[in-house]
Amino acid sequence: MSSTGRMDAPALGLGSRGRAGGFSDWLVGAAARRRRLTETFVQTFEVWGYGYIATPLVEPLATVAAGVGPARQAQLFRFMDADGDMLALVGERTVSVARVVATQLQRGPFPLRLGYAGPVLRNQALHGGRRRESLQAGCELIGHSGLAADAECIALAATALDKAGMRDVQVDVGHADFVPGLLDSAGVDAHLQRDVLGALERRDLVAVETALQATEMAEAERRLLLAFPALRGGREILDTAMQDVRGERPRRALQDLAALWDLLDAHGITDRVHLDLGAVRDWDYYTGPTFEVFSEDSGFPLGSGGRYDGLLERFGLPEPATGFVLHVDRCLDTLTRRTGDVLVVAPVQVTWAAGAHRAALELARGLHVAGLACTCGLAPGSGLDGDRSVYVDTKRVRWTIDGRAGDGDRGAALAAVLQALRPRR
Amino acid sequence: MSALRVALPGGILLDGACDLLAAAGIARLDARRFDSELRVADSGHAFVKVRPTDIPVYVEMGACDCGIVGKDVLWETRRECYELVDLRFGECRLVLAAPRGSPLVDGKWTGTLRVATKYPHAAARFFDEVGTTVELIRLHGSVELAPATRLADAVLDITATGRTLAANDLIEVAEAGVSTARLIANVAALKTRSDDVNMVAAALRRAAATRAVQGAA
């Protein structure tokens, strides 16, 4: 077929060759790597005692709406079922876990550690370079309000990425109450507080500056807020900030971060941690420490998390909670950018000459039992006529085994092939 | 310092962007160099020239660490980037304008207003704020033709000098916003290359402030 021919309307008469726009197929190799990456994350979660749970892809719209702000709600794929109930495809999975805990695990035992992995869907505009379906793996630690829980989640996120080959990430840790507390204790009126927080969340620092110039507040505190995004660094920035901040609320946030830093140090991950006092994300959702994970090789965060003590109460269970999510596909993009696509390893091929099918299958069975990937020819190999032999091919070497050999000899042949194919350590 | 990848807007902001980068001591770029090449390396940074509306795309996706773009482009994009500094050049205003003789000019409009614009998001926000019911018609160019051809009752468009409006006999009725050039940055780059991005932001902020003072003097 000519190259122009390929651009013609496909057989199904649909655009995109029958695939919905904004969705991806994952082919052999890439799909396997994606699955393994997810498994690495989930296994790390389990090693840390986070029990794996699975929740539905579909939730009632009201359930999903309990956990995400208006902007994210606008991105939900929604539909109506036959009973007229409004449903949505989940755009993230923390809300589902919160629902499960509040309705089925409400007796604990707390603290409860749960992990999950699964697809989430967002109705992103087409042709924007953003995926509509992506994989998320995450953990929730429910029923403990102390900073040890926050530190554990941050350390677990960093460890899971480390296990997947991403040790050189950067974890930015902030506190959801620092900026709101600073504005509040500086006497900024509620309306303007919302303006500033909204602008920070939109990442519009020019608007933050404009709004702050219109407010009456102590010069040191104004300077501190305007210094965003330079309010970042190690443990030492807390002492600097402490000198400028008088309000009790923001000081409490700074004390939390100091204690959290010590815990993260005990976890052995402060080499990757930056404190970020200006971090404002979903300020009406997060209630304590928050964090985001970045890599030099990705323009988007690889993961994020934080304390959200108000969410479970919306489902009738007033328990504190903290957790995080890792964006599997962004992690995969980052790894692929570094190492290139992983080639599909061609499985070992067992071929056979006429009359040796039974011996070939027996050999293949032996390799399968040993966990070695191999395929067995479905018909006699061409050019192998008459000699009743079985051939084992890899890219590098070919063994010939006499299909007429006795049991003991065939066993010895299998052992020899296995010995040769075992990866050397 | 490691190299930053910077997106610059083709068109009327390009000269101003190059001038400001030079004044800030970040790079010595001649805008005409971009006539023959779209990618230029200078002073350790890599610069690309792209269409203004594409700048937030390059920056959000991480193809560039930061970019210079008009606020009017940011009004219309849903791309997530940090808007770091008001660079205070390339000023233009977003105005509502109606033909001479329109009741709108005398503030006597009742009913639904049909407005042609290249800025539907900014327009929707503006009319929400003033509480006017409008039907917005999105055009991609020559908006000022819309009233003359009865496509729309009024236009919401960018004007720097007011000449185009006057030439088409359109009278300014209200100002919906003011746009200047902004420095924007990728969300991750601000964290992973924070020293470099912050240094560039601070230098541009200083240069912009100096010029604003000189301009006023």
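This report walks through a predicted model, beginning with chain B and then turning to chain A.

## Chain B at a glance

Let's start with the overall build of chain B. The chain contains 9 helices and 11 strands, and its C-alpha trace spans about 60 × 35 × 35 Å along the principal axes. Of the 217 residues in chain B, 49% count as buried. Among contacts in this chain with a separation of 6 or more, 68% join residues 24 or more positions apart.

## The domains of chain A

Moving on to chain A, the domain assignment gives domain 1 as residues 19-166 + 300-344, domain 2 as 170-294 and domain 3 as 348-421. Between the C-alpha centres of domain 2 and domain 3 of chain A there are 66 Å.

## A closer look at helix H9 of chain A

Helix H9 of chain A covers residues 205-213, and its buried residues are A:Leu205, A:Val206, A:Val208, A:Ala211 and A:Leu212. What covers them? From chain A, the cover includes helix H7 (178-185), helix H8 (190-201) and helix H10 (219-226). Chain B takes part as well, with strand S5 (82-86) and strand S11 (181-185) included in the cover.

The N-terminal end of H9(A) is capped by A:Asp204, which has a side-chain oxygen 3.2 Å from the backbone nitrogen of A:Val206. A:Val206 is also one of the buried residues of this helix.

Methods. Residues numbered from 1 in each chain as written. Chains lettered and ligands numbered in written order. Predicted model: local features only at pLDDT ≥ 70, side-chain atom pairs only at ≥ 80, totals over all residues. Heavy atoms only, no water. Helix = DSSP H or I, 4+ residues; strand = E, 2+ residues; numbered from the N terminus. Buried < 20%, exposed > 50% of the residue type's maximum accessible area, 1.4 Å probe, protein only. Contact = heavy atoms within 4.5 Å. Domains from an automatic or database assignment. Polar contact = N/O pair within 3.5 Å; in protein donor to acceptor, adjacent residues only side chain to side chain.
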